[in-house]
Amino acid sequence: MAHFLVSRISCLMATYAIKSFFLQGGAKIRTPSACRLQFTRWHRSADREALRERRRQQMARGLPEQKPIAGVRQVLVVASGKGGVGKSTTAVNLALALTANEPSKSVGLLDADVYGPSIPKMMNLKGNPQLTDNNRMLPLTNYGIPCMSMGFLVDDDAPVVWRGLMVMSAIDKLLRQVEWGDLDYLVMDMPPGTGDVQLSVTQSVPVAGAVIVSTPQDVALLDARRGAEMFKKVNVPVLGLVQNMSKFQCPKCHHETAIFGSDGALRLADALGVALLGDVPLHANIRETSDRGKPVVVSSPGSPEALSYMELARAVVRRLHEINA
């Protein structure tokens, strides 16, 4: 079949060459080889022109138009450059602390970590969201915080094995097809890294500010810097850094040890020109209460660990006021 096509094209080019001879008064007949070369050059030129036209159309379309989430006044994203630094724990306790500090404010929590949703366990929530008459999902609520997560839509032990476009579609549904009601703040627990989800969220909805979580360890700080720089490139205000697992206090002798180093996030915040929003200790109570589905802010509100999250929430609100002013 391929041989036939090549022969057919060669025949057509030979015919074209003979016609060219007669039309031009014919000093010299071009060979089929010369015609094939001319055809190849023309085809490549057409490909380049088509590519330039596609690029021009893409540039003309530009980035997706940002549209606010219905009923949500301000979106806060909690992010980290890498996993395992306590980002989800910080997001959950930040949402609860915002409500505890200002009971008149309504706060929602969105788990955008499609591959590893943690919010259902930390907030002690199970079940599938109910649907409204217009097929919008109703968030599940606990501790006064409406929550939405991919973990409500799949089985606990079911892996989410999706490619980028499917993930983007899921994120869009979590953003646009949820009946949040009226919220002053929507706290979004982002997946670690600087990938498709981060870009999709920041390009589709207006984000009031980003909170970057990191341990003081140098390796974690390298990725935290990348995360902060990514948000700056997409014009999302970086509210500041949270230094998580900063110090461990021995429960018996109360001696404090900086297991992951000391003041690393403070130095990075200074280098980036952003604020250090809070300093959260490495404490067993934070881990235990999160695993039980009773976050420390609601289960031990007077503890030093809970107070560190309360101060973090106050710092976040102050930074939002500064930016909005």
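Is Phe 231 buried or exposed, and with what relative accessible area? Phe 231 is buried, at 1% relative accessible area. Buried means under 20%, exposed over 50% and partly exposed in between, using a 1.4 Å probe and protein chains only.

This is a predicted model, in which local features need pLDDT of at least 70, side-chain atom pairs count only at pLDDT 80 or more, and totals for chains, interfaces and linings use all residues. Residues are numbered from 1 along each chain as its sequence is written, and side-chain values use heavy atoms, with hydrogens and water left out.

**View 1. The whole chain.** The chain holds 11 helices and 10 strands. Both are DSSP runs numbered from the N terminus: helices are H or I with at least four residues, strands E with at least two. Of the 325 residues, 44% are buried.

**View 2. Surroundings of Phe 231.** Phe 231 lies in helix H7 (residues 218–233). Leaving aside residues up to four places away in sequence, Phe 231 touches Val 77, Ala 79, Thr 202, Ala 210, Ile 212, Val 236 and Val 238. Contact means heavy atoms within 4.5 Å. Leu 199 is 32 residues from Phe 231 along the chain, and their C-alpha atoms are 8.9 Å apart.

**View 3. Strand S5 and its partners.** Seven of the seven residues of S5 (residues 183–189) are buried, so the strand is largely enclosed by the rest of the structure. Strand S1 (residues 72–79) runs parallel to S5, joined by six bridges. Strand S2 (residues 107–111) pairs with S5 in the parallel sense over five bridges. Pairing requires at least two DSSP bridges between two strands.

**View 4. Leu 186 in S5.** Val 75 stands opposite Leu 186. Leu 186 is also the bridge partner of Gly 108.
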